[in-house]
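Have the viewer open as you read.

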Amino acid sequence: MGTIRKNLSSSQLRELEKFGVKVNKFGVNFAVCNADGELVLLCDGGRCIAKELKTQNSKLKTLECYALYAKRCVEIESEGVCRLGEHNQILAAVLKSGGEAVGVALIDLGEKTAGSNSVEWIEKENYTLNGILNETLALLAENFQAAAKAEKQIEMVSTELSQAYEELVLLHKLSTNMKVTEPDSNFLQMACDSLTDMVSVEGIAILLEKTVENEKQLVLVAGLGLIDINERMAAILHSRLTEQINSGKEALLDSEVDSPFRYEWSDSIKNIIAVPLFGKDKTGSGLVERTQNGDCIVGLMVAINRLDKPDFDSPDVKLFNSVANRCAVFIENGRLFSDLKELFVGSLKALTSSIDAKDQYTRGHSERVAFISRWIAERFTGTEPLQEEHIHKIYLAGLLHDIGKIGIDEAVLRKNGKLTEQERKRIKTHPSIGAGILSEIKQMHDIVPGVLCHHEQINGKGYPNGLVGEQIPLIGKIVGLADSFDAMTSKRAYRDAMTVEETMAEIEKGLGTQFDEEVGKVFINSDVYHLWNIIQDGFTEVYGADSSVEYGTEAVGSIIR
């Protein structure tokens, strides 16, 4: 027996060989040729080749005959079993897969000669042995076709399941990486990279509506490969995609595979897909237009030139839309998170402003202490530089350090004369009151020590707990120094403001007693005069026209992420 795999799979050949072994018991030969007429399987039943052929040349000639019979059977295009050979001793049936001939199965009954051991007419239930073998071969061809169809369906289902699994892995990856603190560009680029691992394209891009020079336009925010999209092309894509969505389509698909292009594209585009990123348009301005379903297309994902097949198809549309939907959800979540941060920082600033407003001499004090605290924290090295998240929390502690004054009588805070011992004790409770207020908010857990300890002193003479040295947390040391600097350089009811030189001299004098030496030296060695100019200019040098809102929003993100 010799086998050459061509058209027929190894599993099919194994099943055919099992059949051949069974029919060999009737003393007949069984052979299989592929669609090209090449012999790929021979099961010798001892009828013709083993006993009647005396030479190898005769054997080879018979094998060649089987190949010719197979070709003849395919040419006849018979649906059942055909009989070939000079004495009709060859039974042949075409083996089909998916309607196409992939091989021919043959049973060689041998020549009927007198005195030989050739097939005899045996009556059994009105069937001759020839008839039985004829029927058996017909069933083989029928079962082969059914098995091939089932195998193909299994293969198709397996491919679909494999693709579905890959899609689920991709969507799970996108879902698990939906961190609202992550920049849009990072997440969207990951979406492009992950999608092209599954879908081979020449280029892919994601466009989002952005404000550029006070004008809204679609801007490229992520992409991969060769794809050229300028402002004009972006507007065209948005318009055509909107048109397709309004016509009931899920995407913009265009190519010249089955018909001419629907739209005119550049010569480099052979096929193209674009899917929408739906979102909420809060302003009603810019490029955003509502579709007939009331949805707003705030961006789009576009890919060009499928590389491994002629065109994008419906599975591609579903996959691209699924990824685009995840991207749209991420963008919307990011917008909501940004709104939440702005609302939160706005509430904090309104609260601190209301506290500062209780004393006309300390107006803006909380904002200044927050900035000075940030200034020191950014320059503090210690054993290692502070992480950005820690700096944000120090800034917020500076912003909220006097929140406890909300519980102090306004008459005491505004008193021009000397405070009584009782009034002084009352004011000294404001760190504890502030810490108590904030401790009810779990996101403020890391801010509380800065509020509670900003009046503690290294020598233990501070309040409210008289902590000494390293008992005072770093955040308290920094906010405390920032608070003292602003207090000394601000006009009070009972004294004039000190100069920067006088203030720095006082701070240097207090190192190791009132102030932590390491924190104090960091501040003294920084460009304090530059800091002073920034404060006097209303922080516009560092915050710009939006004042401190943008930085405050970023800082708030460190405690609510």
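In what order do the 5 strands of the open sheet run? The order is β7-β6-β10-β9-β8, and the pairing is antiparallel. Two strands count as paired if DSSP finds at least two bridges between them. β7 (215–225) and β8 (252–255) sit at the edges with a single partner strand each, so one side of each has no neighbour in the sheet. On average, neighbouring strands here are turned by 20° against each other, ignoring direction.

Before going further, a word on the source: this is a predicted model, where local features need pLDDT of at least 70, side-chain atom pairs count only at pLDDT 80 or more, and totals for chains, interfaces and linings use all residues. Numbering starts from 1 along each chain as its sequence is written, and side-chain values use heavy atoms, with hydrogens and water left out.

**Around the sheet**

β6 (residues 201–212) pairs with β7 in the antiparallel sense over 10 bridges. Gly203 stands opposite Gly225 in β7. Helix α5 (residues 231–246) packs on this sheet, touching β6, β7, β8, β9 (271–279) and β10 (296–306); contact means heavy atoms within 4.5 Å. The direction of α5 makes about 105° with that of β10. Helix α6 (residues 314–356) lies across β6, β8, β9 and β10, and runs at about 35° to β9. These angles run from 0 to 180 degrees between N-to-C directions, with axes fitted to C-alpha atoms, for helices over the stretch in contact.

**Rings and charges**

The structure holds 6 aromatic pairs. Rings of Phe, Tyr and Trp (its six-membered ring) pair if their centres lie within 6.5 Å; planes under 30 degrees apart are stacked, over 60 edge-to-face, and the rest tilted. Here are two of the pairs:

| Pair | Centre to centre | Angle between planes | Type |
|---|---|---|---|
| Phe19 and Phe30 | 5.1 Å | 65° | edge-to-face |
| Phe312 and Phe320 | 6.1 Å | 80° | edge-to-face |

Phe19 sits in helix α1 (residues 10–24) and Phe30 in strand β1 (residues 29–34), 11 residues apart. Both Phe19 and Phe30 are buried; the cut-offs are under 20% relative accessible area for buried, over 50% for exposed, and partly exposed in between (1.4 Å probe, protein chains only). Phe312 is buried too, at a relative accessible area of 4%, and Phe320 is buried at 0%. Elsewhere, Phe485, Phe523 and Trp532 make up one aromatic cluster.

Arg240 lies over the face of Trp265, 4.6 Å from the ring centre. The charged end of Arg379 sits over the ring of Trp375, 3.5 Å from its centre. For a charge to sit over a ring, NZ of Lys or CZ of Arg must be within 6 Å of the ring centre and within 35 degrees of the ring normal.

**A helix and a methionine**

Helix α7 (residues 365–379) has 15 residues, and 13 of them are buried. α7 reaches 21 Å from its first C-alpha to its last, close to the 21 Å expected, which is 1.5 Å times one less than the number of residues.

Met198 lies in helix α4 (residues 184–198) and is partly exposed, with a relative accessible area of 21%. Met198 and Glu166 are 32 residues apart in sequence but 7.6 Å apart in space, C-alpha to C-alpha. Neighbours within four places aside, Met198 is in contact with Gln163, Glu166, Glu167, Leu170 and Leu319.

Terms used. Helices (H or I, at least four residues) and strands (E, at least two) are DSSP runs, numbered from the N terminus.
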